[in-house]
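Welcome! Take a moment to look over the structure below, and then we can walk through some of its features together.

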Amino acid sequence: MLAFFRSLFTQSRPPSSAAPSPEARSRQQFETLNRVAPLQRPADQGSAAPMAQDNASSSFVRRVPVLDRKEHIAGYTFNLQDKLQSRLQGKQDLLHKVYDDALLRSLTSLGIHSLLGHRLAFIGLSPVSLGNPLLHKLPTGNTVLLLKPRRQALSLAVLQPQLQALREAGFAYGWELSQKALDEHPELLTLAALGDYVQFHTAGLDGPKIKSLGKRLNANRLPSQERLRLIANELSTFDEFHLCFQSNFDFFQGNFVTSRENWHPPKSEINRMLALKLLNLLRSDEGLKVIADQITADPVMTFKLLRYLNSPAMSLAQPVLTIDKAILVLGRERCYRWLSLLLFDIKQAGFRERMLAEQALTRAFFLESLAGQGKLPKKPDELFILGLFSMLDLLIGHPLAQILEETRLPDPIRNALLAKPGLYHSALELAKACENDADDATAPQAQACGIDARQVLQYSIEALGKANAIMDISEQ
């Protein structure tokens, strides 16, 4: 699909005598774009866009986690494919409106906010989409409209009334700041100072520049306004994160979370070596009595298993008081799943550990939901373990190959984790691509799995909700 867009936006200009009018050219681009990235029209709405017949080529929504100063996941940014959007720079407003409309339709149709709970949804939009009626289908409580300056001129006189109307409707909004955007739009700093959030693209800004921009933003701030909340984006290392933290930024994004720089294994109450041993015993069909004795010998593991089984969520008629009975109630597969989750039980987790644990859980629930869909086998437990184990090396500080030697896993899972080609590996790569807003692999991996864009978005958002619920419980 991207190759097609490349040819679409770099085609040679026709002779002037045959050149279509701007209106005809816009319409032609709109219709071509809609064929490649069709929009689904809800039954209760009209739309100028043609109806889509083929979901397989729909655009993919990307989510990126946002951390707060307490080192918790505060929310996610939602954007359409980053590389594809970058090719729209300088193109006509209509194309940006089409893509923003696709993003808004996807998010409103799936009820994303009910799954995110208290977390924020930062939705990236072009300023030309401020009049989109779909904005008013978003709940205002935890929606932040994050505006991305394009090559089109920014007019304070035009934009400010629109932004004020959205604020009166209950929305929060902010602006993205990059060096390039500041160079192209002299009005941007004034507009940004009137918002609620500002996202700094720190890759092109050094420390003194960030501090200088912060002072200028505060100088343009009205006395009646609350404090401007700052988001540091594109953080690559812990040092960059620390610098922005000390500079009083409120939120943080970047691949520094999965960086091994300054890495240390997280503390845990769980005997992980015992957990790995028990996983092997379960896979080798060892007797349940032997497994129960091993668990009983570990007080922490015994407590956690009984607490899990006797929780209201399990809805058991009678409480379980012994490990023998607990394993009988669970069965081998559910016991294996429970032990796998225990590997992510972290004591006094920091931002990195929380982030990795939630990301691993999201992958696991996402892959589990794909079981029986498209070309994937109906084996939800295997797909769940595949997602969960895919980040275990980062969490416990052992190479993945060593973990696989210590854990007897089915060959399809093992091969996928070792990056050997196959259906499970394509599914895992699809899960990874959903986490990276600069990754172009989503469409081909989804096609390899027989999954369409709407399924990817729906299952990934549902997985976020499940992972968030588990993390919320673990932090109580």
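Is Glu 234 buried, exposed or partly exposed? In this predicted model, Glu 234 is partly exposed, with a relative accessible area of 34%. You will find Glu 234 in the loop between strand S7 (229–233) and helix H10 (238–246). Its backbone is worth a look too: Glu 234 has a positive phi of about 65°, although it is not a glycine. Asn 248 also has a positive phi, of about 70°, and it is not a glycine either. Asn 248 sits in the loop between H10 and strand S8 (251–252).

**The chain as a whole**

Let us step back for a wider view. The chain holds 22 helices and eight strands. Of its 476 residues, 52% are buried. If you take the contacts between residues at least 6 apart in sequence, 67% of them join residues at least 24 apart.

**Helices that pack together**

Two packed helices are described by the angle between their axes and the distance between the axes. The crossing of H11 past H14 is left-handed. On the H11 side, the contact is made by Leu 278, Leu 279, Leu 281, Leu 282 and Arg 283. H14 contributes Arg 332, Glu 333, Cys 335, Tyr 336, Leu 339 and Ser 340. Sorted by type, the residues of this contact of H11 with H14 are seven nonpolar, one polar and three charged.

Now turn to H14 and H16. Their axes come within 11 Å and cross at roughly 10°. Angles under 35 degrees count as roughly parallel, so H14 is roughly parallel to H16. Here Glu 333, Tyr 336, Arg 337, Ser 340 and Leu 341 of H14 meet Asp 381, Phe 384, Ile 385, Leu 388 and Phe 389 of H16. The residues of the contact of H14 with H16 divide into six nonpolar, one polar and three charged.

How many of the ten residues of H16 are buried? Eight of them are, which leaves helix H16 (residues 380–389) mostly covered. The buried residues are Glu 382, Leu 383, Phe 384, Ile 385, Leu 386, Gly 387, Leu 388 and Phe 389.

**A few buried side chains**

| Residue | Relative accessible area |
|---|---|
| Cys 335 | 0% |
| Cys 434 | 3% |
| Gln 445 | 19% |

Why does Gln 445 count as buried? Buried means under 20% relative accessible area, and Gln 445 has 19%, so it falls in that class. Gln 445 lies in helix H21 (residues 442–449). Leaving aside its neighbours within four places in sequence, Gln 445 is in contact with Ser 426, Glu 429 and Leu 430.

Finally, a word on the cysteines. A disulfide is a covalent bond between the sulfur atoms of two cysteines. How many disulfides does a search of the whole structure find? The search finds zero. Cys 335, which is buried, does take part in the contact of H11 with H14.

Notes
Residues are numbered from 1 along each chain as its sequence is written. This is a predicted model: local features need pLDDT of at least 70, side-chain atom pairs count only at pLDDT 80 or more; totals for chains, interfaces and linings use all residues. Side-chain values use heavy atoms; hydrogens and water are left out. Buried means under 20% relative accessible area, exposed over 50%, partly exposed in between (1.4 Å probe, protein chains only). Helices (H or I, at least four residues) and strands (E, at least two) are DSSP runs, numbered from the N terminus. A crossing is left-handed if the near helix is turned anticlockwise from the far one by less than a right angle, and right-handed if clockwise. Contact means heavy atoms within 4.5 Å. Ala, Val, Leu, Ile, Met, Phe, Trp, Tyr, Cys and Pro count as nonpolar, Asp, Glu, Lys and Arg as charged, and the others, Gly among them, as polar. A disulfide is a pair of cysteine sulfur atoms within 2.5 Å. Axes are lines fitted to C-alpha atoms, for helices over the stretch in contact, and angles run from 0 to 180 degrees between N-to-C directions. Angles under 35 degrees count as roughly parallel, over 145 as roughly antiparallel, 65 to 115 as roughly perpendicular and the rest as oblique.
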